[in-house]
Amino acid sequence: MAAPSKRSSRPTPVRKAVRSLTWLGVIIVALFGINAAGVIWGGGSWTPKLALDLEGGTQIILAPQLADGESVSQEQLDQAVSIIRQRVDASGVSEADITTQGGQNVVVAIPGELDEQTRNRIESSAKLELRPVLLADAAANQSIDPSESPEPTDGAEEELSTTPSVEPTDASDPNWVTPALQDEFDTFDCATIDESGANVAPSDEPLVTCDSTRTIKYLLGPVEVSGEDIVDATNGMVQTQTGATTGQWAVNIVFNDRGTAAFSEVSQRLFALNGQTPRDQFAFVLDGAVLSAPQMNGVITDGRPQVTGNFTQESSKALADQLKFGALPISFEVQSSDTISATLGTSQLQSGLIAGIIGLILVVIYTLFQYRALGTVTIASLIIAGVITYLMITILGWYQGYRLSLAGIAGLIVAIGFTADSFIVYFERVRDELRDGRPLVGAVEAGWKRALRTVLSSKSMNLLAAVVLYILAVGSVRGFAFTLGLTTIIDVIVVILFTHPMLQLLAQTRFFSSGHSWSGLDPQALGAVYRGRAEFRKPVAVPAKKAASSSREAQKRQTIAERKAAQADATVGAGESKES
Amino acid sequence: MANRLTTFGNDLYTGKRSFNFVGGRKKWYTIAAVLIILSVLVPVVRGFNFGIEFRGGSQFQIAGVANATEQPAIDAVAEVVPGAVARVTIVGEDGVRVQTDQLEQAESRELTTVLADAYGVPESEVTSSFIGASWGADITRQALLGLLAFLLLAAVIMALYFRTWKMSLAAILSLLGDLIVTAGLYAAVGFEVTPAAVIGILTILSYSLYDTVVVFDKIRENTSEDGQESRRTFAESVNLAVNQTLVRSINTSVVAALPVAAILFIGAGVLGADTLRDISLALLIGILVGTWSTVFIAAPLYSQLREGESAIKRHDQKVLKERERAGGSSAEALPVA
């Protein structure tokens, strides 16, 4: 396109246009810069991050199992996420992406296939149990080489009895320890606990496991009290009877009635065993790992035990949190589990891109057909919008971990049409002004004023829909809402900083201002009302059917236009008080 | 044709040619009512074809199959889980999709292996997913919540922007109609109702309201700028505005529908691209219905809501009287209610 001819007498629209275009350039360069910085220093990339459905991988969505009227708090969710993250990390999976969604679901996304152990680990819900300690030992077993341990264990187990020879009378009864369990305990190696997945057992059977730091291994009796019976757990300083603090940190637990009764019984039994360490200990077991195994120092019948040990403020707080949240009766169930092969992901991505390109070509053809040379402005605007969108998505992928999903791509393709509509609204307004007989430069300015208002108000509806859906929706709806919202904002930026300035500049060129028949802004073709001024009182020839009402319509219309035209003649070029 | 549409646009703009959208409203209302009733009846009679996300179950997709037939999959399922019902679909040229009831982990793994064997592809080409029955319902519940929140907010914002709640009401009513008709037509086509379809229908919210706001903005301009001096009745002002934006409405719906149609046709033949297909079908229907309803329902409805106002009534009567006095052609104005 030709540039404005005379620099010296640059009219204001042109100066404004140049300023807008400069801003647009600055924005695009800045986005490039941010992305480049991300690539160089922060592990960014020039391509968008893809979601699992396009890249291949496994996604598990966990939903809380809630009774009617119950709800989850963000705090509980965060706790769940951190517990699940620990589980996934423990299994050595890297790049797991664990997020919450819709204020209630936990989404675990893992690239590649998921092995059985990790899957079980993730899907098991946080479970807190109190079990009495039967045996305890240092974790590292000198006599057994860890790499060999599975073989002898398996071989030995078949011969050893797995049922107690004497029926155990209570959970602390050493009769629980069968020869098979004893052997399992002896050969148990805390270092392999994650791989073997051994640390699970039904609640009415003994459990062999380690503490969470994997330094001590335990053989524990059946579950005495379950975590659901813990009402509250707090940390605080131990206080003497006179109320003075001892400076020692402790965790205070409050049981409900059932827990109180059960714990009172346990405490009596364990206190009676005082001295027979480790059988006077009870263990808090969270997801199969012993959090803490304190000794019973007294009979506690009020359901408010205090756990002391070598706690710091932090460690006591951590244990209290784990007891409290681990104790919540909220367990997660797997709502969906999706494995997408890399091939399938690629084919989905391809089909999305092909659909996008075809859609784009169709839009280009139609706009050129409808708006002739003006259509190139639409196409250029779409390209600019495309570039900004691409950069934003790669930057967000790096900065926010945003991943483009198939639904997101659908959002982008749909956005092509929505974006192009801003230009259509604008062009039609300019054409309306031309029909009213304005010269092109004035028509562009006047049409813009009206179009901008319409574009802003209608786009705000789109944005509102996107924001509401993004906040409230779950799953793929979110990805879609996000791209829709993003493209809406970019669309408005482009129409203000690119489409309008371009039109301002083009209005200065002879090709457009002379109303070349291929410009798409030909006042003759648009039937500028000037032409019809002399005819306004004549009956207009229209199809017979509509004759009556249409001619009336036309008459009225032209009467007004004529009045306006006269007005416009009087104040040439200054026309500001315009009606459509 | 471009020329013809441009000329057509000129005629509409000047009023030389005019479609009586507002006056013929009884006709349009009837059509809309019939459509809405049908849209409610179709799902009642035929039932929605709910996707696996709503039914719950296990799904396997096998890609890159040389000879895509249904039988190997049916045999494989019968072998691993005797008695289970398998829904086998051939997708595209080389894809097979198998849906079964919910399977145990072990069964699911075994079936993956057997399916890979049966179709002679490596196991990595078989994807499996398991979907709890509550998943789809969950997405939909959240979506409905979003829908309600959006409708409320949008109604308030539009009422503030246009400074009349009647525009808000007209827009929201026609939007609700769009949603019902889109859902009904979707059911009539017989595609599975998946979360993707729900997304598509939600997008209609955005599009339909967007389209209505563009047209209403023109109505606002016309009716407020014409003011008391106008020689048009209120209904005529509204009708003119709709006619003046008609070319835009046509262009917009075509431009919005083209990419969506492209997704629909591409997505239909590709394995796993159900998301694309379902979204685009819902959208394509919605875009067409949304554009139609803006012009034929929302605008006439708004006009009807306002015509009862005493100021507007007085103005309309004045206009009609003047017109009669001027003795133009037989006093035939747009029929008012």
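In which crossing, left-handed or right-handed, does helix 9 of chain B pass helix 11 of chain B? The crossing is right-handed, where a crossing counts as right-handed if the near helix is turned clockwise from the far one by less than a right angle, and as left-handed if anticlockwise. The structure is a predicted model, in which local features need pLDDT of at least 70 and side-chain atom pairs count only at pLDDT 80 or more, while totals for chains, interfaces and linings use all residues. Residues are numbered from 1 along each chain as its sequence is written, and chains are lettered from A and ligands numbered from 1 in the order in which they are written.

**The two chains**

- Chain A contains 16 helices and 13 strands; helices (H or I, at least four residues) and strands (E, at least two) are DSSP runs, numbered from the N terminus.
- Of the 580 residues in chain A, 47% are buried; a residue is buried if 20 or more other C-beta atoms lie within 10 Å of its own, exposed if 12 or fewer, and partly exposed in between, with C-beta atoms placed from the backbone.
- In chain A, 74% of the contacts between residues at least 6 apart in sequence join residues at least 24 apart; two residues are in contact if their C-beta atoms, placed from the backbone, lie within 7 Å.
- Chain B contains 12 helices and four strands, and 54% of its 337 residues are buried.
- In chain B, 77% of the contacts between residues at least 6 apart in sequence join residues at least 24 apart.

**Annotated transmembrane regions**

- For chain A, an unreviewed UniProt entry gives "transmembrane region" at residues 21-41, 349-369, 376-399, 405-427, 463-482 and 488-507; UniProt positions follow the numbering used here, feature names are shortened, and annotations may be inferred rather than shown by experiment.
- Residues 349-369 of chain A are 100% helix and 0% strand, with end C-alpha atoms 30 Å apart.
- Residues 488-507 of chain A are 95% helix and 0% strand, and their end C-alpha atoms are 27 Å apart.
- For chain B, the unreviewed UniProt entry lists residues 28-48, 143-162, 254-273 and 279-302 under "transmembrane region".
- Residues 143-162 of chain B are 100% helix and 0% strand, with 27 Å between the end C-alpha atoms.
- Residues 279-302 of chain B are also 100% helix and 0% strand, with 30 Å between the end C-alpha atoms.

**Helix packing in chain B**

- Helix 9 (residues 234-244) and helix 11 (residues 274-307) of chain B pack at an angle of about 160°, with their axes 9 Å apart; axes are lines fitted to C-alpha atoms, for helices over the stretch in contact, and angles run from 0 to 180 degrees between N-to-C directions.
- Helix 9 and helix 11 of chain B are therefore roughly antiparallel; angles under 35 degrees count as roughly parallel, over 145 as roughly antiparallel, 65 to 115 as roughly perpendicular and the rest as oblique.
- Residues of helix 9 of chain B, including B:Phe234 and B:Val238, meet residues of helix 11 of chain B, including B:Val295 and B:Arg306.
- The residues of this contact between helix 9 and helix 11 of chain B comprise seven nonpolar, one polar and two charged; Ala, Val, Leu, Ile, Met, Phe, Trp, Tyr, Cys and Pro count as nonpolar, Asp, Glu, Lys and Arg as charged, and the others, Gly among them, as polar.
- Helix 2 (residues 25-46) of chain B packs against helix 11 of chain B at an angle of about 130°, with the axes 10 Å apart, and the two helices are therefore oblique to each other.
- Helix 2 and helix 11 of chain B cross in a left-handed manner.

**Helix packing in chain A**

- Helix 10 and helix 12 of chain A pack at an angle of about 10°, with their axes 9 Å apart.
- This angle makes helix 10 of chain A roughly parallel to helix 12 of chain A.
- The contact of helix 10 with helix 12 of chain A has 11 nonpolar, six polar and no charged residues.

**Individual arginines**

- A:Arg372 is not a glycine, yet it has a positive phi of about 50°.
- A:Arg372 lies in the loop between helix 10 (342-371) and helix 11 (374-399) of chain A, and it counts as partly exposed because it has 19 C-beta neighbours inside 10 Å.
- B:Arg163 also has a positive phi, near 60°, and lies in the loop between helix 6 (134-162) and helix 7 (165-189) of chain B.
- B:Arg163 is exposed, because 10 other C-beta atoms lie within 10 Å.
- A:Arg435 is in helix 12 (residues 406-435) of chain A and is buried, with 22 other C-beta atoms within 10 Å.
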